[in-house]
Amino acid sequence: MPSMMRSLYRAVWASPERRARKLPEFAEVAAAGGRALVRAAELTRDPVLRRRFLAHARDEARHAELFRARGLALSAAHPGTGTGGSAGGWLAPGERGLDDLRVEGERDEALLAFIHLSESAAARDFALYRGVLDHDAETQAVFDHILRDEVFHMRYSRGELDRIGPNRRSRLLWWVRLRRLWKGYLRLA
């Protein structure tokens, strides 16, 4: 990462008050992603995917609890920390993606492509955040723990995509990327 970006992320995460506001937001996104994965497990006809989605949902619930607990600990250590939106949230987007997951009407291949891209983005972002949190070992440890799961989720979703959509992974990943860009454009418009 260029040193300018590292400095920017370091500045965003330097404030314990900002961390106390941002981490509960991450918790909400992780919890929503877990609920979407439970729904995906209910809808799939593939028993292997059902087990994978449920295991992933449990991980997301655990991530939500880790983020929530760390946010509460920071809030307790820094009284007066508000729960409003965090300034600089666009600079540290967090686990964005699974919160946008709509499972009804989607094929398993599309869901796996969406999950793979979301988990890849989360793993990249969490590695950056972990790297600039050397002044807060406890929050850094939360990101480190969750990052290991994100990397696993990224790998399992790619492997399952290869299993159920052989020779179609690249096309599916591009299709999901294009859908995300289109949805982002529509939100801005």
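Glu25 pairs with Lys22 in a salt bridge. The closest N and O atoms are 3.3 Å apart. This is a predicted model. Both residues sit in helix α2 (residues 16-43), three residues apart, or about one turn of the helix.

Glu25 is partly exposed, at 27% relative accessibility. Lys22 is buried, at 7%.

Arg62 and Asp149 form a salt bridge with a closest N and O distance of 2.5 Å. Arg62 belongs to helix α3 (residues 47-77) and Asp149 to helix α5 (residues 137-164), so this pair ties together parts 87 residues apart in sequence. Arg62 is partly exposed at 33% relative accessibility. Asp149 has a relative accessible area of 14% and counts as buried.

Arg70 and Asp136 form another salt bridge, at 3.0 Å from N to O. Arg70 lies in helix α3, while Asp136 lies in the loop between α4 (108-132) and α5; the pair therefore links parts 66 residues apart in sequence. Arg70 and Asp136 are buried. Shared partners join Arg19, Arg70, Asp136 and Glu138 into one salt-bridge network.

## The chain as a whole

The whole structure contains 18 salt bridges. The chain has six helices and zero strands. Of its 189 residues, 46% are buried.

Take contacts between residues at least 6 apart in sequence: 79% join residues at least 24 apart. The accessible surface of the chain is about 9900 Å². Carbon and sulfur atoms account for 58% of that surface.

Definitions and conventions: Residues numbered from 1 in each chain as written. Predicted model: local features only at pLDDT ≥ 70, side-chain atom pairs only at ≥ 80, totals over all residues. Heavy atoms only, no water. Helix = DSSP H or I, 4+ residues; strand = E, 2+ residues; numbered from the N terminus. Buried < 20%, exposed > 50% of the residue type's maximum accessible area, 1.4 Å probe, protein only. Contact = heavy atoms within 4.5 Å. Areas by Shrake-Rupley, 256 points an atom, 1.4 Å probe, with all protein chains shown as cover. Salt bridge = Lys/Arg side-chain N within 4 Å of Asp/Glu carboxyl O.
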